[in-house]
Amino acid sequence: MKHILVAPLNWGLGHVARCIPLIKALEKMGAGVLLASDGVALHLLKAEFPHLPALDLPSYRIRYESPNMVRNIAWQMPRIMYAVRAEHRATERLVLEHDIRGIISDNRYGCFSHNANSVMLTHQLQLRVPNGFLEWSANRVLHRALSKFDETWVPDVAEEPNLSGDLSHGTPEIYAQTRFIGPLSRMQTAQNAASNATQLSEYDVAVVLSGPEPQRTYLEQRLLEQAMSLPQKFIFIQGKTQAKEHHFIAENVEVVSYLTSEDLNEVLLASEVLVCRSGYSSIMDLAALGKKAILVPTPGQTEQEYLADFFAQQNIFLVQKQEEIDLETGLEVVAETSGFRAGQFALDTFLPELERWLDNI
């Protein structure tokens, strides 16, 4: 049995969510899977896969205090670099202790080893920075970091239309080891889920919260205040995986701390409209579900701001800024957007690439 380490970044729940289909497929292919992360991401991995070993890695402890991304990252960079070096040392120990043959790292740049075939899973081959020189410098550092991995897997299609735009397709420096493996989502398409159970519209709006603090809490507070004064039926999924909690804060507002994949899939399919961040994993889930959505990018997170603009310009999703959220108006206007057509993007094209990689390591 080949032992594989899967290590998603703890930056909200998006990175761990998109690793879930990879983990399930690896198990079906007969691999021995070990999981590694920290914080809420590790809690979700343990909830989804209680039968698999789940190991702690050093935490990046990223926070988004300011809407200025450069300032946010700059003051945290020494701690982040220390964490990357620490996780590399931890990864090397895990490779030796568990005879690991392959590593799939989702945006953890220290999770590689010269003693195991190391894959970086990322949709960002080109960082967006609001300064030309800083952007050039940041991408030089990114490309150097990616070169330490044997392969880079992009969870998107290589052609148009695609889901990541210039983040993955806008640079001529596409390495020979870069492979577009297709979108990854733990959600089933509406058609597939409907074949298992009849879905009724139980909620008017599902709010899916995630991302770094304190911005996750700021968004939750603004949306809750408005939801309680509206007639629609809401469910808030907080993205807080430390403990399972479920309660009502108003007759029309239900709150749950987190849901595992199957339960979340059912809730989202039973909702008319979704409200969520414009993170890439959320975009892939929306493509799978075929739902209309209001996207609220994390202030200062340029990748999310780019994706929000990318889909707003195509009238696929409605976008509102966090400081200007108007749920009442948004829920009226969102009907004019197209959303994705369910099934527009195949969700199983990663399987041949995963099988190829597993066979060759």
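Strand β1 (residues 3–8) runs alongside β2, and the two pair in the parallel sense over 4 bridges. Strands here are DSSP runs marked E of at least two residues, helices are runs marked H or I of at least four residues, and both are numbered from the N terminus. Two strands count as paired if DSSP finds at least two bridges between them. Leucine 5 has leucine 34 of β2 as its bridge partner. The model is a predicted one, in which local features need pLDDT of at least 70 and side-chain atom pairs count only at pLDDT 80 or more, while totals for chains, interfaces and linings use all residues. Residue numbers start from 1 along each chain as its sequence is written, and side-chain values use heavy atoms, with hydrogens and water left out.

How confident is the predictor? The pLDDT, its confidence in each residue on a scale from 0 to 100, averages 91 over the chain, and 90% of the residues score at least 70. Residues 194–198 fall below 50, and this stretch has 1 contact in the model beyond near neighbours in sequence; contact means heavy atoms within 4.5 Å. Where pLDDT is low, the predicted coordinates should not be read in detail.

Back at β2, 6 of its 6 residues are buried, so the strand is mostly covered. Buried stands for under 20% relative accessible area, exposed for over 50%, and partly exposed for anything in between, using a 1.4 Å probe and protein chains only. Both faces of β2 are covered, with Gly32, Leu34 and Ala36 buried on one side and Val33, Leu35 and Ser37 buried on the other.

Elsewhere there is an open sheet of 7 strands, with mixed pairing and the order β10-β11-β9-β8-β12-β13-β14. Strands β10 (246–250) and β14 (318–319) stand at the edges with a single partner strand each, so one side of each has no neighbour in the sheet. Helix α7 packs on this sheet and touches β8, β9 (234–237), β10, β11 (253–256) and β12. The direction of α7 makes about 165° with that of β9, where axes are lines fitted to C-alpha atoms (for helices, over the stretch in contact) and angles run from 0 to 180 degrees between N-to-C directions. Within the sheet, β8 (residues 203–208) and β12 (residues 271–276) pair in the parallel sense over 5 bridges. There, valine 208 sits opposite cysteine 276 of β12.

Next come the charged side chains. Side chains of opposite charge can pair when their charged atoms come close. A salt bridge is taken as a side-chain nitrogen of Lys or Arg within 4 Å of a carboxyl oxygen of Asp or Glu, and by this rule the count comes to 10. One of them links arginine 108 to aspartate 38, with the closest N and O atoms 3.0 Å apart. Arginine 108 lies in the loop between β4 (100–106) and β5 (117–121) and aspartate 38 in the loop between β2 (32–37) and α2 (39–48), so the pair ties together parts that are 70 residues apart in sequence. Arginine 108 is buried, with a relative accessible area of 0%, and aspartate 38 is buried too. The side chain of arginine 108 also makes a polar contact of 2.8 Å with that of glutamate 87. A polar contact is a pair of N or O atoms within 3.5 Å; within protein, one must be able to donate a hydrogen and the other to accept it, and residues adjacent in sequence count only if both atoms are side-chain atoms. Leaving aside neighbours within four places in sequence, arginine 108 is in contact with residues including Pro8, Ser37, Tyr60 and Phe149.

In helix α12 (residues 350–360), glutamate 353 and arginine 356 are 3 residues apart, about one turn of the helix, and form a salt bridge with the closest N and O atoms at 2.9 Å. Glutamate 353 counts as buried at 18% relative accessibility, whereas arginine 356 counts as partly exposed at 23%. Salt bridges that share partners join Glu151, Arg179, Glu353 and Arg356 into one network.

Arginine 186 is found in the loop between β7 (178–180) and α6 (190–196), and counts as buried at 14% relative accessibility. Its side chain makes polar contacts with the side chains of glutamate 48 (3.4 Å) and serine 261 (3.3 Å).

Methods
pLDDT = per-residue confidence, 0-100.
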